[in-house]
Amino acid sequence: MQRLMIAPRPSARGRRTREGLFAAIAAAFPVVVEVALTSAWWDRLPERIATSFGPDGSPSGYGTPLGTAILLAAIQALFLVAAVGSAFVRDRRRGRISCAVTAGFVAALAMSWLIIVGLASSALSATAWWLLAAAPAWAVVPYWLLSAARD
């Protein structure tokens, strides 16, 4: 009789590690898009860009593109560390929620920067605000990648 070879099942720990890695990559993806588009638009940016806006939509604060990009990168790095850490916690239910919330915040920051830079460089129309509204939906991706099963 011929024996059937049964492939070994991957360990729960290995599966959790892979899921956490994919969720961390998904959380960082908006930042990669942000860096790529900012690089493409950098030579078209003015020396001063609007960084905050009043209730009527008019600019109320200005900054240099480099200074604003560095500040935003520092804030996003802190939240990405939180998202990656959340993807690897033992309590998967809380980890999924924390990773999704932080990934959504990072995506919203990335899209808000891209809207500011895109408008300043005349690469986007003024109606591109819908990108900012859609950005937090990216949080679903890391949430979905992290299984709810308890190991």
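What follows is a walk from the whole chain to single residues.

**Before we start**

This is a predicted model, in which local features need pLDDT of at least 70 and side-chain atom pairs count only at pLDDT 80 or more, while totals for chains, interfaces and linings use all residues. Residues are numbered from 1 along each chain as its sequence is written, and side-chain values use heavy atoms, leaving out hydrogens and water.

**Stop 1: the whole protein**

Switch to a cartoon view. Follow the chain from the N terminus and the elements come in the order α-β-β-α-α-α-α.

Now show the surface. Its accessible area is about 9700 Å², and carbon and sulfur atoms account for 68% of that; such areas come from the Shrake-Rupley method with a 1.4 Å probe, and for residues only the protein chains shown count as cover. Of the 151 residues, 34% are buried. Buried means under 20% relative accessible area, exposed means over 50%, and partly exposed is in between (1.4 Å probe, protein chains only).

Contacts tell you how the chain folds back on itself. Among those between residues at least 6 apart in sequence, 69% join residues at least 24 apart; a contact means heavy atoms within 4.5 Å.

**Stop 2: the largest nonpolar core**

Select Ile49, Met111, Trp113, Leu114 and Val117. These have the most contacts inside the largest nonpolar core, which has 13 residues. A nonpolar core is a set of buried Ala, Val, Leu, Ile, Met, Phe, Trp, Tyr and Cys residues joined through side-chain atoms within 4.5 Å. Helix α3 provides the largest share of this core, with 8 residues.

Zoom in on Ile49. Beyond four places in sequence, the residues that Ile49 touches include Gly61, Tyr62, Trp113 and Ala120.

Step across to Gly61, in strand β2 (residues 59-63). Is Gly61 buried or exposed? Gly61 counts as buried because its relative accessibility is 14%. Not counting residues up to four places away in sequence, Gly61 touches Ile49, Ala50, Thr51 and Ser52.

**Stop 3**

Select Thr38, in helix α1 (residues 12-41). Its relative accessible area is 8%, so Thr38 is buried. Which residues is Thr38 in contact with, leaving aside its neighbours within four places in sequence? They are Trp113 and Leu114. Show the side chains and look for a polar contact of 2.9 Å between Thr38 and Trp113. A polar contact is a pair of N or O atoms within 3.5 Å; within protein, one must be able to donate a hydrogen and the other to accept it, and residues adjacent in sequence count only if both atoms are side-chain atoms.

**Stop 4**

Center on Val106, which lies in helix α3. Val106 has 0% relative accessibility and therefore counts as buried. With neighbours within four places in sequence left aside, Val106 is in contact with Ala27, Val31, Gln76, Phe79 and Leu80. Try the distance tool on Val106 and Phe79: they are 27 residues apart along the chain, and their C-alpha atoms are separated by 6.7 Å.

**Stop 5: along α3 to Gly104**

Stay in helix α3 (residues 92-120) and select Gly104. Gly104 is buried because its relative accessibility is 7%. Setting aside neighbours within four places in sequence, Gly104 is in contact with Pro136 and Ala139.

**Stop 6: out to the surface**

Finally, select Leu21, Phe22, Ile25, Val84 and Phe88. Together they form a nonpolar surface patch with about 460 Å² of accessible area. Leu21 is found in α1, and its relative accessible area of 46% makes Leu21 partly exposed.

How values were computed. Helix = DSSP H or I, 4+ residues; strand = E, 2+ residues; numbered from the N terminus. Patch = residues over 30% accessible without salt bridge, like charges linked within 9 Å, V, L, I, M, F, W, Y side chains within 5 Å. Salt bridge = Lys/Arg side-chain N within 4 Å of Asp/Glu carboxyl O.
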